[in-house]
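Okay, thanks for coming, everyone. Let me put the model up on the screen and then we can walk through it together.

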Amino acid sequence: MPETNYIFPPSPVPALPIRGSTALFPIHRIYCVGRNFADHAIEMGHDPDKEPPFFFQKNPDSVVLPGNPFPYPAASRDVHHEVELVVALQSGGTDIPVEQALDCVYGYAVGLDMTRRDLQAEAKKHGRPWEIAKAFEQSAPCGPVHTAAEIGHPGEGTIRLTINGTIRQDGNLNQMIWKVPEMIAYLSRLFTLKPGDLIFAGTPAGVGAVAKGDTMIAHIDGLDEVRFTVA
Ligand code: MN
């Protein structure tokens, strides 16, 4: 096969480490679920019984790998933390039945859907898209992928974010409105899911601002804690 003649070198494939392996998980796309915990929907001024969860995206190269700081982004004075379960897919497709959805899951990680809340509020007010609030550079700090073969499929357990030793978010995965199989099935009716897709599964109540110098520790029962400092 002749070598492809790119006019400049293509960007490297973003990838997450895998716990207990030297192999990497190559990232294809990042999908995020909005308002998947009722108490967070309510704290944002919405009625979870009237408005179902929904999806938005981040860019695959916006992950911050474990061991690196989260750089406070430009253009915002109100950057919020959202601790989330991250679902890592090994296969995909379209119109995936709920009963087969977990077969697509390679593993899980704990991640942070960092949000420029002031820009998001402005976008909501004007009915504009959310990219500048959600899909900025390095907006997705993420821990290593734990294989489902090792940890199973977590359906309940504590999901918590601590900042400088103070608990800010403290929920349970069993509070998710869309469970993991449901979000995969639903998403696969709208997009073709592929190996390497990540799904940030939504955040519990307690979101709030971070400041430079803060240390965020993200915890989900059964997964290694991850720590990111705000630089
Ligand atoms: Mn979120």
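Predicted model: local features only at pLDDT ≥ 70, side-chain atom pairs only at ≥ 80, totals over all residues.

Which residues are the protein donors of the manganese ion? They are Glu82 and Glu84, each through OE, and Asp113 through OD, at 2.1 to 2.2 Å from the ion. Along the chain, these donors have the spacing E-x1-E-x28-D. Glu84 is in strand S7, residues 83-89, while Asp113 is in the loop between S8 (105-112) and S9 (115-116), so this pair ties together parts that lie 29 residues apart in sequence. Are those two buried or exposed? Glu84 comes out buried, at 1% relative accessibility, and Asp113 is buried too, at 0%.

Strand S6, which is residues 79-81, pairs antiparallel with S15 over two bridges. If you want a spot to look at, His80 is opposite Ala209 of S15.

On to the inside of the protein. As a general reminder, nonpolar side chains in soluble globular proteins tend to be buried together. Here the largest nonpolar core has 43 residues, and Ile184, Ile199 and Met216 have the most contacts inside it. Who supplies at least two residues of this core? The list is S3 (30-34), S7, S8, S12 (158-163), helix H5 (180-190), S16 (215-220) and S17 (226-229). There's also a second, separate core of 18 residues, with Ile30, Cys32, Ala140 and Leu198 among them.

Let's zoom in on Met216. Leaving out residues up to four places away in sequence, Met216 touches, among others, Phe70, His81, Leu112, Met114 and Leu161. Its contacts also include Val226, Arg227 and Phe228.

That takes us to the strands S16 and S17. They run antiparallel and are joined by four bridges, and Ile217 has Arg227 of S17 as its bridge partner. The two strands make a hairpin with five residues between them, and in the turn Gly222 has a positive phi of about 90 degrees. In general, side chains in a regular strand alternate between the two faces of the sheet. S17 has Val226 and Phe228 on a covered face, and Arg227 and Thr229 on an uncovered one.

Now helix H5. Which of its residues are buried? Val180, Pro181, Met183, Ile184, Ala185, Leu187 and Ser188. The cover over those buried residues includes S3, S4 (54-58), S7, S8 and S14 (198-200).

A quick word on aromatics. Searching the whole structure turns up eight aromatic pairs. Phe54, Phe56 and Trp130 are linked into a cluster by ring pairs. Separately, Lys58 sits over the face of Phe136, 5.9 Å from the ring centre.

Last part: some individual residues. Arg29 is in the loop between S2 (24-26) and S3, and it's partly exposed, with a relative accessible area of 32%. Beyond its neighbours within four places in sequence, Arg29 is in contact with Gln57, Pro60, Phe191, Thr192, Gly196, Asp197 and Leu198. Thr147, in strand S11 (residues 146-147), is buried at 17%. Again leaving aside neighbours within four places, Thr147 has contacts with Ile18, Tyr106, Gly107 and Gly152.

Most residues other than glycine have a negative phi. Ala75, though, has a positive phi near 70 degrees. Ala75 is in the loop between S5 (63-64) and S6, and it's exposed, with 60% relative accessible area. Asp95 is not a glycine either, and its phi is positive at about 50 degrees. You'll find Asp95 in the loop between S7 and S8, exposed at 53%.

That's my tour, so over to you for questions.

Technical notes: Residues numbered from 1 in each chain as written. Heavy atoms only, no water. Donors = N, O, S within 2.8 Å, 3.2 Å for Na, K, Ca; no water. Buried < 20%, exposed > 50% of the residue type's maximum accessible area, 1.4 Å probe, protein only. Pairing = 2+ DSSP bridges. Core = buried A, V, L, I, M, F, W, Y, C linked by side-chain atoms within 4.5 Å. Contact = heavy atoms within 4.5 Å. Phe/Tyr/Trp six-rings, centres within 6.5 Å; stacked < 30°, edge-to-face > 60°. Lys NZ or Arg CZ within 6 Å of the ring centre and 35° of its normal.
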